[in-house]
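Hi,

Here is the structure I promised to send over. Have a look at it first, and my notes on what turned up follow below.

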Amino acid sequence: MQSLHFVENQGSNQAQAARLLLQANLAYGESNSPGLSHTQRLRARQECRDYLAEALQLEPENAGALGLLGRVELDEGRLDEAHRLFTASLQALPGQAQQHANLGYWALKSERPALAEQHFLEALDCDRQSAAAFCGVAHAKRLQGQFDVAYLHYRKLLQAGADWDSVYSGMLGCAQHLHVDKADGDLARDAIALLRREGLPHQELGRFVGAIVHQQYDLDNPNAEIFLDAASDDELLILALQKTLMPNPAVENLVVMLRRAIIAEVAQTVELRDELQQLALAIGQYADRTGYALAAEDDEERLVTTINESIQAQLMMAEPQEGMIGSLIISAMYGALFHQTFAAQLGQWNLTDWPLGVQPVLAASYYDRANEEAIKQNFEEKAAELCLDKVDVAQAWPAWSELAFRAANSLRNVMATELGLNTDQLPETLRILVCGAQSGQRALELARYLSDVEVIAVDESLANVAKGTRMASDMGIENIVFWPWSIAQRFVGDGHQVHWIEVGRLPSPAMTELSLAELVNAASTAGAVVHMHTAIGEQTPGDRQIRNMIADHKLPPTRTVLRQLRRMVLANPQDSNWQELLQEENFFSLGGCRDRWFQPQDASQLKQLMAMVSNEVDWKLVKARDADGHSLATHPVQRQIQAEALGSEVQSLVGQSLSVYFSKRR
């Protein structure tokens, strides 16, 4: 009887443990739900832990409970405990694909992609249909630099119906590294799928998509025929124009040719036919993204001037919207509507008063610019723009529109797990200072995906400050502000301190009153982290030659001058001075060219900052990564930094593509 009672009791325990495990899985799903607040997710995570504790009390070797508890530990950065639990689960029940996959993700978090691949392959041996394991193999291949293999894995996952954010994000990351040397229908379809997918940083696809367009239109062939009607039906081309900036001289010339063909037809027929509207609208968005860098012939400029005068007359006569939409589309292909003499009269309508199809162009060309101009009025730096022609006012750069996909996390967890720092004394909300925000994509990603932070993004460009502020408002991100350097200096001067400092684009030599090293030192509290990059961009031979030319001839940073300098480069693509410059993405925007040539990064600011953190009494190097994101031994990097501070140029880190993290000791 005792034996029978034991068996019944054991069965009861197993059933109760199974019910608790089911509840734990539901709570775990809630803890990773992006729709819930950080507090709600933490509560769900604790509920999951409580259910698992009860289940393991009833059945200590329950493989499912051990594995799920390992996932919780992995999510919270306790890698050793996660590994122990996954291993224990496999010992309790060998052959679980899920636990082998979990070990793979543990190895990825441990920055061991080769080991991760082994674990994922073991998971696939247990279950050939495991999409999670196959996706893990793709991630591991990507992190090992096998971008072509990883890309094909992601493509297969999408074909199999794995419509996951991580798959699209991984595929996009690989696409940036692929070399496209022939027209390929599969690649074109992939690019369309990526550009259609919401929530991806489409701006990062520019080089990949540009290479596909280059091959599809045979742009290396001077005799290739380009048909306007065919281009107007090309979904890839239109999506690319709407969402990316393609750093490719031949593609830029293609856009210029298509725009000229459209306006030539309009000059003959006196109308923009419906079949061409979508292409014309996309070119208008693209032209705005380039800062209106695209070259135009004199006859085009004259016709656009006539069209603008016609729009002015229509507005004066209070004609209805419908009669001027075609003219506005043509005008927007050549210049910002916000810069036209009739701009104020467009403000009588809200953006939503216009047809849906034209709203993106009107937003970029008029409404967003008007909002950003209103934001600028709050800063004293606006005074410097008052004497400039409207078209010569700097435009925000980079031309980004979407944030990159990242998993939600907390800064406290990042500091503890990735940098090994003690976070017990940190306050509930941590403050991040992003220096050199460049329109704020990185700053907004930190604000959106880190649950315990408030972000201060600082930029030398008032246009970037205004754009970042507008984008934060549009996205509903409230834990961030964008400031010019003057306000940041006053903020730090008043004694405010921060817990994490990101150093992005360096200040230009024009910032004579700013010492980045002094600001960082004053702003950082004990235990604060400073993250910086040791490479300085925009240093091609072409950049140096153009900056010398600007200095010699005292050239002003006007739109006319920037266009002339670009035209000089584009006219001589075989000149060795320009070849490296023509590979740079920001050459293809007037905003980027203005930054490169009139406000270059000041290398002395980085050198002073590196000299400051080389003091091991006050600072400790806690992590270093190479250009591929792989962690490096910190001791050799620290020795190099100290040697450089002592005057050894042989071992200079400045110019190397390293990402380094320092923690302030006191």
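The largest nonpolar core has 100 residues, and Phe208, Val209 and Ile262 have the most contacts inside it. By nonpolar core I mean a set of buried Ala, Val, Leu, Ile, Met, Phe, Trp, Tyr and Cys residues joined through side-chain atoms within 4.5 Å. Buried is under 20% relative accessible area, exposed is over 50%, and partly exposed is in between (1.4 Å probe, protein chains only). Leaving out residues up to four places away in sequence, Ile262 touches (heavy atoms within 4.5 Å) Leu228, Leu272, Leu279, Ala280, Ile283, Ile330 and Met333. There is also a second, separate core of 35 residues, with Ile456, Leu506, Met612 and Ile641 among them.

Bear in mind that this is a predicted model: local features need pLDDT of at least 70 and side-chain atom pairs count only at pLDDT 80 or more, while totals for chains, interfaces and linings use all residues. Residues are numbered from 1 along each chain as its sequence is written, and side-chain values use heavy atoms, without hydrogens and water.

Asp218 sits in the loop between α11 (206-216) and α12 (228-232), helices here being DSSP runs of H or I with at least four residues, numbered from the N terminus. Asp218 is partly exposed at 38% relative accessible area. Tyr292, in the loop between α15 (274-289) and α16 (298-316), is buried at 3%.

Finally, the Trp397 to Pro398 peptide bond is cis, with omega near 5°. Look for Pro398 in the loop between α19 (359-376) and α20 (411-417).

Cheers

Notes. Helix = DSSP H or I, 4+ residues; strand = E, 2+ residues; numbered from the N terminus.
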